[in-house]
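Please look over the sequence and the model shown here before reading on.

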Amino acid sequence: MAEGDWDEVTIIRKRAPRAGQLKSPQAINAAQRQGLEIETSKKFSAGQNKQHEAAKNVAKLDRETEELHHETVGLDVGRLIQQGRQAKSMTQKDLATKICEKPQVVNEYENGKAIPNQVVLSKMERALGMKLRGKDKGQPLAPKSK
């Protein structure tokens, strides 16, 4: 290097700015002042823990006229549960603890508001000793043959 080249500076291994630094407000303002092209994109549902998209799109759901609702347990099943529970002189809480469920679950089944769960119904059948599903509802549960 000659003695007269003091104005020339060579920078070796300068790090490129990180992605986070490029997105900062200072970097964006500097790019706008320089007249550089800036790309912006809107992220929908960002930061809302939405991992899966809905199967139907929103417009199709808006056009849908059919009311969608879950099937619930019938009142006949609720009455059977209540009668079987009272025949064994159990409270809702006693039945719930026996089948390892919350008392609210038993209450919803008796009121006919619960969405039927086959596991819960089978536990109730065994605890009460009567069928709650199928065409022979209310009949005593057949003993298991070996």
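How many residues does the largest nonpolar core have, and which have the most contacts inside it? In this predicted model, where local features need pLDDT of at least 70, side-chain atom pairs count only at pLDDT 80 or more, and totals for chains, interfaces and linings use all residues, that core has 19 residues, and those with the most contacts inside it are Ile 81, Leu 95, Tyr 109, Met 124 and Leu 132. Residues are numbered from 1 along each chain as its sequence is written, and side-chain values use heavy atoms, with hydrogens and water left out. A nonpolar core is here a set of buried Ala, Val, Leu, Ile, Met, Phe, Trp, Tyr and Cys residues joined through side-chain atoms within 4.5 Å, and buried stands for under 20% relative accessible area, with a 1.4 Å probe and protein chains only.

Two or more residues of this core come from each of H4, helix H5 (92-98), H6 and helix H7 (118-128), with H7 giving the largest share, five residues. Leu 95, leaving aside neighbours within four places in sequence, is in contact (heavy atoms within 4.5 Å) with Ile 81, Arg 85, Met 90, Val 106, Ala 127 and Leu 128.

Consider next how the helices pack. The axes of helix H4 (residues 75-87) and helix H6 (residues 103-111) come within 6 Å and cross at roughly 125 degrees, where axes are lines fitted to C-alpha atoms, for helices over the stretch in contact, and angles run from 0 to 180 degrees between N-to-C directions. H4 is therefore oblique to H6, since angles under 35 degrees count as roughly parallel, over 145 as roughly antiparallel, 65 to 115 as roughly perpendicular and the rest as oblique. Leu 75, Gly 78, Ile 81, Gln 82 and Arg 85 of H4 meet Tyr 109, Glu 110 and Asn 111 of H6 in this contact.

H6 also packs with H7, at an angle of about 90 degrees and with the axes 12 Å apart, so the two helices are roughly perpendicular to each other. Val 105, Val 106 and Tyr 109 of H6 make this contact with Val 120, Leu 121 and Met 124 of H7.

Over the whole protein chain there are seven helices and zero strands, helices being DSSP runs of H or I with at least four residues and strands runs of E with at least two, numbered from the N terminus. Of its 146 residues, 19% count as buried. Helix H2 (residues 25-34) has one buried residue among its ten, so H2 lies largely in the open.

Key: Buried means under 20% relative accessible area, exposed over 50%, partly exposed in between (1.4 Å probe, protein chains only).
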